Protein chains: 2
Amino acid sequence: MKIDAQTIIRGNQLAGARLIRQLEEGDPAGIELLKRLYTHTGNAFVIGITGPPGSGKSTLVNCIITDFRQRKRKVAVVAIDPSSSISGGALLGDRIRMRRHTEDDGVFIRSMATRGHLGGLSKTTRETVLVFDAMGYDIVIIETVGVGQDEVEIAQFAHTTAVVSLPGMGDDIQAMKAGLLEIGDIFIVNKADSPGADDVVLQLRNMLEMSSTLANDWHPPILKTVAVESDGTTELVDAFLDHHQYLIASGKFGEHNFKWEFEFFRQLVMQMAAERLLDSQKDSPAFLNLLENLKQRKIDPFSAAEGLLKGMKSKRINA
Amino acid sequence: MKIDAQTIIRGNQLAGARLIRQLEEGDPAGIELLKRLYTHTGNAFVIGITGPPGSGKSTLVNCIITDFRQRKRKVAVVAIDPSSSISGGALLGDRIRMRRHTEDDGVFIRSMATRGHLGGLSKTTRETVLVFDAMGYDIVIIETVGVGQDEVEIAQFAHTTAVVSLPGMGDDIQAMKAGLLEIGDIFIVNKADSPGADDVVLQLRNMLEMSSTLANDWHPPILKTVAVESDGTTELVDAFLDHHQYLIASGKFGEHNFKWEFEFFRQLVMQMAAERLLDSQKDSPAFLNLLENLKQRKIDPFSAAEGLLKGMKSKRINA
């Protein structure tokens with residue numbers, strides 16, 4: 001099958017999946033296509049959902065998809081949580097266990113392997129979101145597991161970040177929440193029919209009041225859900241759309257998009273500049289000598305990099 | 001207190017802690033000092049320990065420290081697991097709950113915040129390991145939580161990676177293990193006095209036999225431990241030292257070190273080259289125009305980066 005810009009823009013899922021794979025593999029053809037698609041992006045509303053393993057994120061995402069579909073929005077999901085049952089575990093490949101939505105053309109779910117993407121997870125996630133955006137998905141959900149730093153990096157790509165908590169979390173999880181507090185636009189207490197749900201809501205409210213977030217225009221709501229019974233998920237989707245409205249009205253939606261694009265651009269400049277610098281030194285005796293000294297620890301990497309940069313000239317570009 | 005190379009090399013912990021903080025903050029004074037320390041590094045044996053939350057990694061690390069101390073090795077620990085009880089949770093700062101070793105000059109424990117280090121966790125971890133190395137620690141243990149990609153990135157900095165499993169892990173965890181299988185040099189089944197421990201050992205053995213690792217010279221051992229009772233931890237430390245011997249005899253120890261240094265060097269080249277390129281365009285009308293087009297999505301980030309790179313010239317460096 002040939003994939004071209006029109007096929008993607010028309011929302012062909014096979015073509016979309018193929019393009020995403022090309023981008024994951026760093027295939028230049030994929031990048032060329034993404035360049036042509038770029039002017040068709042910037043419309044999707046990107047929602048990040050993060051929380052610890054076992055907090056029911058996947059069930060929640062299922063409900064959110066159903067609700068957005070009832071509101072006639074097209075929804076795409078990037079599942080980065082390796083234990084996600086949405087993706088059936090990215091490590092097991094794309095065996096999608098989610099049955100309800102697989103027959104629906106307005107839903108596209110893509111799991112991403114978190115392995116073998118050293119330092120590239122952010123890049124691939126950003127590119128995947130751009131592909132979904134070009135395909136005409138109104139909503140793109142990024143599901144990540146809330147341990148470590150992944151979810152913070154990924155939150156960079158979300159207009160709205162929802163943090164999922166659970167009743168009965170131990171001290172350790174509370175500690176994590178302190179970090180998640182800063183990135184949350186919406187807080188969800190899932191499994192809210194379990195004992196202790198109100199305690200978690202209270203704790204979250206207290207933590208939010210102590211933090212600086214109250215000084216902002218947007219006051220993060222705390223919502224209780226029972227995802228397995230679709231309880232509270234309509235209110236959650238309302239909250240997402242409220243935040244979307246807020247972002248657009250305040251100009252922050254466009255600001256977010258430009259910040260991402262500029263960062264993407266800066267990363268590309270870094271890669272391309274370093275590649276060109278290293279390429280120009282190929283087989284240069286001075287460079288080989290530099291590497292040998294690095295190997296023997298006669299020179300440190302900082303001084304070696306400064307040495308290499310001596311070969312670089314930069315002048316202003318023309319209009 | 002003045003921190004200089006000699007103070008660090010003599011192993012002063014206050015000076016070491018201060019230098020690590022400087023490096024975390026990107027303080028140029030810290031980098032200058034690290035440059036001078038560099039020739040004193042390359043000796044430490046770096047062990048990565050990873051596993052899911054609740055697998056008892058911290059207790060295990062405690063036992064490993066005790067054992068290495070009995071063998072007269074100096075041990076430093078970088079705890080990156082946000083829920084680690086070794087570090088008391090990096091998010092809670094450096095409140096070290098571990099009491100047994102705090103009075104011991106031959107042990108240095110440092111927790112690292114995984115938040116606010118976007119893309120910088122690897123860099124800071126590497127720099128911290130170098131500081132410990134220069135301080136004369138024979139063993140550096142990196143403790144990470146085995147969810148997401150952090151531990152894979154961190155495994156890049158470990159000569160030996162140990163993966164901790166538990167009896168009674170569900171399917172989700174088994175899925176994760178498939179990814180961890182590739183990075184493990186040693187497998188630990190902790191809490192081995194619980195039912196199902198032999199099943200996990202068997203599963204791991206089967207998975208290892210199916211994987212390509214058997215083609216290597218090193219066949220990863222599977223060890224059973226009960227860390228709370230210090231059971232099996234001496235055998236574990238023996239296995240670490242066996243792998244250390246194997247790496248040195250095969251030349252892989254030095255290869256690892258050089259791979260890390262080269263990657264560190266390449267990252268520095270990327271940053272420095274991009275900074276210089278962007279700096280040289282400051283207030284350039286053509287560049288401001290480029291950014292405006294990027295903002296309005298009239299140009300894609302790839303083409304914008306290519307445009308900027310036109311201003312860059314690279315020639316060979318001299319010997």
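Trainee: Why is Arg71(A) called partly exposed?
Mentor: Its relative accessible area is 26%. Buried means under 20% and exposed over 50%, so a value in between is called partly exposed. Keep in mind that this is a predicted model.

Trainee: What makes Arg71(A) and Asp238(A) a salt bridge?
Mentor: The closest N and O atoms are 2.8 Å apart. The cut-off is 4 Å, between a side-chain nitrogen of Lys or Arg and a carboxyl oxygen of Asp or Glu. The pair therefore qualifies.

Trainee: Which parts does the pair tie together?
Mentor: Arg71(A) lies in the loop between α4 (57-70) and β2 (75-79) of chain A, and Asp238(A) in helix α9 of chain A, so parts 167 residues apart in sequence are tied together. Asp238(A) is partly exposed, because its relative accessibility is 34%.

Trainee: How many salt bridges are there over all chains?
Mentor: The structure holds 20.

Trainee: What makes Glu261(B) and Arg297(A) a salt bridge?
Mentor: N to O is 3.3 Å. The limit is 4 Å, so the pair counts. This pair crosses between chains: Glu261(B) sits in helix α10 (residues 252-280) of chain B, and Arg297(A) in the loop between α11 (285-295) and α12 (301-309) of chain A. Both residues are buried.

Trainee: How do you know that Lys282(B) and Asp279(B) form a salt bridge?
Mentor: Their closest N and O atoms are 3.7 Å apart. That is within 4 Å, so the label holds. Asp279(B) is partly exposed, with a relative accessible area of 48%.

Trainee: Which residues are linked in a network of salt bridges?
Mentor: Glu32(A), Lys35(A) and Glu306(B).

Trainee: Why is Thr233(A) called buried?
Mentor: Its relative accessibility is 3%. Buried means under 20%, so the label follows. Thr233(A) is found in helix α9 (residues 233-249) of chain A.

Trainee: What does the side chain of Thr233(A) reach?
Mentor: The backbone oxygen of Ser230(A), at 3.2 Å.

Trainee: Why does Asp193(A) count as exposed?
Mentor: Its relative accessibility is 53%. Exposed means over 50%, so Asp193(A) passes. Asp193(A) is found in the loop between β6 (186-189) and α8 (197-210) of chain A.

Trainee: What makes the surface patch with Asp193(A) negative?
Mentor: Asp193(A), Glu229(A), Asp231(A) and Glu235(A) gather there. Asp and Glu count as negative, so the patch is one of negative charge.

Terms used:
Residues numbered from 1 in each chain as written. Chains lettered and ligands numbered in written order. Predicted model: local features only at pLDDT ≥ 70, side-chain atom pairs only at ≥ 80, totals over all residues. Heavy atoms only, no water. Patch = residues over 30% accessible without salt bridge, like charges linked within 9 Å, V, L, I, M, F, W, Y side chains within 5 Å. Areas by Shrake-Rupley, 256 points an atom, 1.4 Å probe, with all protein chains shown as cover. Charge placed at Lys NZ, Arg CZ, Asp CG, Glu CD. Helix = DSSP H or I, 4+ residues; strand = E, 2+ residues; numbered from the N terminus. Buried < 20%, exposed > 50% of the residue type's maximum accessible area, 1.4 Å probe, protein only. Polar contact = N/O pair within 3.5 Å; in protein donor to acceptor, adjacent residues only side chain to side chain.
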